[in-house]
Amino acid sequence: MFENLDIFRMSHAMATHAGNRQALVAQNMANADTPGYAARDLSPFQEVYRSDDAPHLPRATRPGHLFGQGQTAAFEPHLVSGAQSDPNGNSVSIETEMLRAVDVKRQHDRAIAIYRSSLTVLRTALGRG
Amino acid sequence: MNDFSNALSVSASGLKAQAQRLSHVSENIANADTPGYRRKVVAFETELHGLRATGEVATGPVRLDRSDLSRIYEPGHPLADATGHYEGSNVDLMIEIADAREAQRSYEANLKMFDQARQMSSRLMELLRR
């Protein structure tokens, strides 16, 4: 039932995006000294969500519709371009990753705050707030 | 949830790799005055599960630094040859200290990521509570 409410769906997608991005940041950090490793990242949530839900684009309503492209719920990681790499081919910068991590944490907190407050509204409507 | 457990295990692998690097650095420093000791170096590589890279990091095989040993002049030394020299180690303390610092920084960064993933998942769990 909650999946059908738009705000729950959006905050769920936002938290999922933050979780995915956190996994990538952790991976980049762990490989900060691996030779030849290229840093990975996700596109910002605003871009991903808009492109998925823009009103002028056709939307897949069931699996198999529009070649199943509506089912790509997982966010696709891409290699970070334009990053300077070390002599051993590693392009992870710990400082950038730290900034990204803070960004991810704030996004996740925001998503959970939205979810929680919508839940409170729902509870109030049910008369048990 | 799967992402968080993945992030936790990747961070843990990073912590483990850096700790191993640090232990080799301390071995090198401890043996800086051992005659004939060659410094140990480890390289990092991405761990593979089957053929798929999980993003976890592992230390590669330990290798010995092949650079020349330092020759120390001390005629009274038991290992000294006819010219009065003996071979010391090829450990450069400056390099080892720098390596240790780098390992420490990376360790801290991984620890921070571990802590953050833990915090995020516990915030998620708090949603279940009233």
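## Close-up views of a predicted two-chain model

Over all chains, the count comes to 16 salt bridges, a salt bridge being a side-chain nitrogen of Lys or Arg within 4 Å of a carboxyl oxygen of Asp or Glu. This is a predicted model, in which local features need pLDDT of at least 70, side-chain atom pairs count only at pLDDT 80 or more, and totals for chains, interfaces and linings use all residues. Residues are numbered from 1 along each chain as its sequence is written, chains are lettered from A and ligands numbered from 1 in the order in which they are written, and side-chain values use heavy atoms, with hydrogens and water left out.

**Figure 1. Chain A and its elements.** Chain A holds three helices and two strands. Helices (H or I, at least four residues) and strands (E, at least two) are DSSP runs, numbered from the N terminus. Read from the N terminus, the order in chain A is α-β-α-β-α. Chain A has 129 residues, and 36% of them are buried. Buried means under 20% relative accessible area, exposed over 50%, and partly exposed in between (1.4 Å probe, protein chains only). Of the contacts in chain A with a separation of 6 or more, 76% join residues 24 or more positions apart. A contact means heavy atoms within 4.5 Å.

**Figure 2. The salt bridge between A:D103 and A:R21.** The side chains of A:D103 and A:R21 meet in a salt bridge, at 3.8 Å from N to O. This pair links distant parts of the chain: A:D103 lies in helix 3 of chain A and A:R21 in helix 1 (residues 6-30) of chain A, 82 residues apart. A:D103 has 42% relative accessibility, so it counts as partly exposed. A:R21 has 8%, so it counts as buried. Both residues belong to a network of salt bridges that links A:R21, A:D41, A:E97, A:R100 and A:D103.

Figure 3. A:K105 forms a salt bridge with A:D109, and their closest N and O atoms are 3.3 Å apart. A:K105 and A:D109 are separated by about one helical turn, because they lie four residues apart in helix 3 of chain A. A:K105 is buried, with a relative accessible area of 17%.

Figure 4. B:R105 pairs with B:E108 in a salt bridge, with the closest N and O atoms 3.9 Å apart. About one helical turn separates B:R105 and B:E108, because they are three residues apart in helix 2 of chain B. B:R105 is partly exposed at 48% relative accessibility. B:E108 is also partly exposed, at 43%.

**Figure 5. Helix 1 and helix 2 of chain B.** Helix 1 (residues 2-30) of chain B packs against helix 2 (residues 93-126) of chain B at an angle of about 160°, with the axes 9 Å apart. Axes are lines fitted to C-alpha atoms, for helices over the stretch in contact, and angles run from 0 to 180 degrees between N-to-C directions. The two helices of chain B are therefore roughly antiparallel to each other. Angles under 35 degrees count as roughly parallel, over 145 as roughly antiparallel, 65 to 115 as roughly perpendicular and the rest as oblique. Helix 1 of chain B and helix 2 of chain B make a left-handed crossing. A crossing is left-handed if the near helix is turned anticlockwise from the far one by less than a right angle, and right-handed if clockwise. By class, this contact has 20 nonpolar, seven polar and five charged residues. Ala, Val, Leu, Ile, Met, Phe, Trp, Tyr, Cys and Pro count as nonpolar, Asp, Glu, Lys and Arg as charged, and the others, Gly among them, as polar.

**Figure 6. Helix 1 of chain A against helix 2 of chain B.** The axes of helix 1 of chain A and helix 2 of chain B come within 9 Å and cross at roughly 165°. That makes helix 1 of chain A roughly antiparallel to helix 2 of chain B. The crossing of helix 1 of chain A with helix 2 of chain B is left-handed. Helix 1 of chain A contributes A:A18, A:Q22, A:V25, A:A26, A:M29 and A:A30 to the contact, and helix 2 of chain B contributes B:A109, B:N110, B:M113, B:Q116, B:A117 and B:M120. These residues divide into nine nonpolar, three polar and no charged.

**Figure 7. The surroundings of B:N110.** B:N110 sits in helix 2 of chain B. At 0% relative accessibility, B:N110 is buried. Leaving aside neighbours within four places in sequence, B:N110 is in contact with A:A26, A:M29 and A:A30, and with B:S11, B:G14, B:L15 and B:Q18.
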